[in-house]
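My entries follow in the order in which I made them.

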Amino acid sequence: IKAMFAECSQHFEPPIFSPGVPARVLRSRQGLFRIAYQAGLIPAAEWEAMKLASENPEFQNRPEFFFECLKNIPVTKPRHGSQEHQKLHYSVELWRKSKGLGRGRNVLGCLM
């Protein structure tokens with residue numbers, strides 16, 4: 001790929017390659033959100049609240065209530081999608097949709 005872009009250097013900038021993220025890291029909620037935050041996909045306020053909640057035993061023992069840590073964080077605007085999705089924090093929507101990725105997790109790891 002580098003050679004291909006080198007031949008077209010007057011039209012394209014050469015690509016920059018970075019290591020991918022192993023798919024197994026994206027299986028856990030904490031791993032997915034850490035990588036998503038580093039990739040700039042999750043707002044800092046959401047990340048900080050989730051980071052603190054992941055260290056709190058109350059949330060560790062009751063994972064179904066984990067996203068309650070975001071109740072005092074405003075939803076980032078502008079949001080796209082249905083009205084229901086626009087009410088959600090981006091991290092909540094990302095987690096719900098990522099649970100169904102399966103083998104697509106490998107692709108997501110390459111993109112992040």
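**Entry 1: Glu46 and helix H3**

I located Glu46 in helix H3; helices (H or I, at least four residues) and strands (E, at least two) are DSSP runs, numbered from the N terminus. The model is a predicted one, in which local features need pLDDT of at least 70 and side-chain atom pairs count only at pLDDT 80 or more, while totals for chains, interfaces and linings use all residues. Residues are numbered from 1 along each chain as its sequence is written, and side-chain values use heavy atoms, with hydrogens and water left out.

Is Glu46 buried or exposed? I found a relative accessible area of 0%, so Glu46 is buried (buried means under 20% relative accessible area, exposed over 50%, partly exposed in between, with a 1.4 Å probe and protein chains only). I then listed what Glu46 touches, not counting residues up to four places away in sequence: Leu70, Ile73, Thr76, His89, Tyr90 and Ser91. Contact here means heavy atoms within 4.5 Å.

I next took H3 (residues 44-54) as a whole and noted Glu46, Trp47, Ala49, Met50 and Ala53 as its buried residues. They cover an arc of only 165° around the axis, which puts them on the same side of H3; the arc is that of the directions from the helix axis to the C-beta atoms. An α-helix has 3.6 residues a turn, so residues three or four places apart point the same way. The packing partners of the buried H3 residues are helix H2 (29-38), helix H4 (57-61) and helix H6 (90-98).

**Entry 2: the core and Met50**

I looked up the largest nonpolar core, which has 19 residues. Such a core is a set of buried Ala, Val, Leu, Ile, Met, Phe, Trp, Tyr and Cys residues joined through side-chain atoms within 4.5 Å. Phe33, Ile42 and Met50 touch the most other members. H2, H3 and H6 each supply at least two residues of this core.

Which residues does Met50 touch, not counting residues up to four places away in sequence? I recorded Phe33, Ile42, Phe66, Phe67, Cys69, Leu70 and Ser91.

**Entry 3: helix H2**

In H2 I found Arg29, Gly31, Leu32, Phe33, Ile35 and Ala36 buried. Their cover includes H3, H6 and helix H7 (104-111). Gly40 follows H2 and has a positive phi, near 85°.

**Entry 4: Glu93**

I placed Glu93 in helix H6. Glu93 counts as buried because its relative accessibility is 10%. Leaving aside neighbours within four places in sequence, I found Glu93 in contact with Arg79, His85 and Leu88.

**Entry 5: the whole chain**

I counted seven helices and zero strands. Of the 112 residues, 27% count as buried. The protein has a radius of gyration of 17 Å, whereas a compact globule of 112 residues would have one near 13 Å; the radius is taken over C-alpha atoms, and the globule rule is 2.2 Å times the number of residues to the power 0.38. The C-alpha trace spans about 55 × 30 × 25 Å along its principal axes.

**Entry 6: confidence**

I noted an average pLDDT of 81, with 91% of the residues scoring at least 70; pLDDT is the predictor's confidence in each residue, from 0 to 100. Where pLDDT is low, the predicted coordinates should not be read in detail.
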